[in-house]
Amino acid sequence: CDLDTGRTHQIRVHLAALGHPVAGDAEYGGAEAGASRPMLHAWRLRLRHPRTGADMSFEAPPPADFEAFWSSLDSTSPPHHVGRPALAAKRLRPGGG
């Protein structure tokens, strides 16, 4: 999966095409009980300021509904790692899918 741009829905489309839709993403096949929206969260953004060239970094903890959703999953679900919640968004399917 090579994400070249920030086009709308690109991550969601790529993950769904690979058979691992984002949990809670009803539009691309990831509808999950208890998830009222796609469970996708950028915990850290790093960029270079366009005028000064200064490196900038912003961090945000997962929202409460995101944490509640992952906490509600059973032990067969992937572990939730607060530092990398987007990686946990790929819920494994029975049979190794």
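Colleague: Which residue in β2 stands opposite R44?

Modeller: R44 stands opposite E59 in β2. Please note that this is a predicted model, in which local features need pLDDT of at least 70 and side-chain atom pairs count only at pLDDT 80 or more, while totals for chains, interfaces and linings use all residues. Residues are numbered from 1 along each chain as its sequence is written, and side-chain values use heavy atoms, with hydrogens and water left out.

Colleague: In what sense do strands β1 and β2 pair?

Modeller: Strands are DSSP runs (E, at least two residues), numbered from the N terminus, and two of them pair if DSSP finds at least two bridges between them. Here β1 (residues 44-48) and β2 (residues 55-59) are antiparallel, with 5 bridges. The two strands form a hairpin with 6 residues between them, and G53 in the turn has a positive phi of about 80°.

Colleague: Which residues of helix α2 are buried?

Modeller: Helices are DSSP runs too (H or I, at least four residues). Buried means under 20% relative accessible area, exposed over 50%, and partly exposed in between (1.4 Å probe, protein chains only). In α2 (residues 64-72), the buried residues are F66, F69 and W70. F69 has 1% relative accessibility, and W70 has 7%.

Colleague: How are the rings of F69 and W70 arranged?

Modeller: Rings of Phe, Tyr and Trp (its six-membered ring) pair if their centres lie within 6.5 Å; planes under 30 degrees apart count as stacked, over 60 as edge-to-face and the rest as tilted. There are 2 aromatic pairs by this rule. F69 and W70 form an edge-to-face pair, 5.2 Å centre to centre with 75° between the planes. Ring pairs link F66, F69 and W70 into a cluster.
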